[in-house]
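The following note collects points for a colleague who is examining this model. Please read it alongside the sequence and the coordinates.

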Amino acid sequence: MKKMLLLVLLGWMVFPPHAVQAQNPPWFLVMEEQVAPWGVKQFMEAQQEVVAKWEKYGFDVPVFAYQNDENSFYWVIQLRNFGSLDTLYNKMRLVTELMRSDGFDNRMVFRDLSSVNHMVMMWVPRLSYHPNDEFAQSTGRAYVEWSFIYLLAGHEEEAAAALGAYLDFFAENRLDASWDVFRVLLGNGTPAFLMMTRAENPAVLRTRENIYYNHFRDDFNRLWNDLSVHVRKIENRKGWFMPSLSNLPERNR
């Protein structure tokens, strides 16, 4: 729970009330928790115990958990407005106290298991592509790929236009794909965009990509060339949505 409190305090300190209240579409508080290979099993067991405590004490804040291919875990909490931060903080503080009174001290359990990086992101709907209305996370599309696109300083608008050209091309050709784009507002390496793609499994995603690339090779090369001149580096991660480590209040209803 300490990691979640850090997220809330981070959002509280960085963004003034009027900025958060005016934000539409939503922002997300994201924590990347890096776990040593030797500690992954112990970490997951401890987090499953946390989830059980959340359910026991009726913690009703959705927390989406993901594991990537570098022994890191992402924890994602949607931030609707600044007023919700106070409610969120109070709920977290209360459930943390209840857990400690129940014999689970998160400070001691997670102290030597992981290190933490924080990010704040904003969803960019005009760059996100959902022709079949496949919004949000589901267990049916649990496989996820993330592309962290780190930009040259001052190239945000040009990079956004280049990403928008990808969306226009897919839409014009009625290609069956789906992705979300987020602008990283706070975190290492900004300015940056994050592209998040979901699928049933890696084979489904690779098969579709290969078919499209073989058919539209020249177009995709042109689109990439237009984007790449604004990019400093790209980091790709693969992983899975982890419902057993998430807090999904609706599943308990």
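A pocket is here an open set of grid points with protein on both sides within 12 Å along at least five of seven lines, and a volume is the space filled by probe spheres set on the points. The model is predicted.

1. Second largest pocket. The volume of the second largest pocket is about 710 Å³. It is lined by 32 residues, of which Phe-28, Phe-64, Val-76, Ile-77 and Gln-78 are the closest to its centre. Two or more lining residues are contributed by each of β1, β2, β3, α4 (82–101), β4 (114–123), β5, β6 and β7. By residue class, this lining comprises 23 nonpolar, four polar and five charged residues.

2. Largest pocket. The space in the largest pocket amounts to about 860 Å³. Its lining has 26 residues, and those closest to the centre are Ser-147, Tyr-166, Met-195, Thr-197 and Glu-209. The elements giving two or more residues to this lining are β5, α6, β7, α7, α8 (217–228) and β8. Helix α7 provides the largest share, six residues. The lining of the largest pocket divides into 15 nonpolar, five polar and six charged residues.

3. Strands β1 (residues 27–35) and β3 (residues 72–79) run antiparallel and are joined by eight bridges. Within this pair, Gln-34 has Ser-72 in β3 as its bridge partner.

4. Gln-67. This residue belongs to strand β2 (residues 64–68). Is Gln-67 buried or exposed? Its relative accessibility is 18%, and the cut-off for buried is under 20%, so Gln-67 counts as buried. Leaving aside residues up to four places away in sequence, Gln-67 touches Val-40, Met-44, Ser-72, Phe-73, Trp-146, Lys-238, Gly-239, Trp-240 and Met-242. Among these contacts is Ser-72, the bridge partner of Gln-34.

How values were computed:
Residues numbered from 1 in each chain as written. Predicted model: local features only at pLDDT ≥ 70, side-chain atom pairs only at ≥ 80, totals over all residues. Heavy atoms only, no water. Helix = DSSP H or I, 4+ residues; strand = E, 2+ residues; numbered from the N terminus. Buried < 20%, exposed > 50% of the residue type's maximum accessible area, 1.4 Å probe, protein only. Contact = heavy atoms within 4.5 Å. Pairing = 2+ DSSP bridges. 1 Å grid on protein atoms, 1.4 Å probe; cavity = no way out; pocket = protein on both sides within 12 Å on 5 of 7 lines; lining within 4 Å. Nonpolar A, V, L, I, M, F, W, Y, C, P; charged D, E, K, R; others polar.
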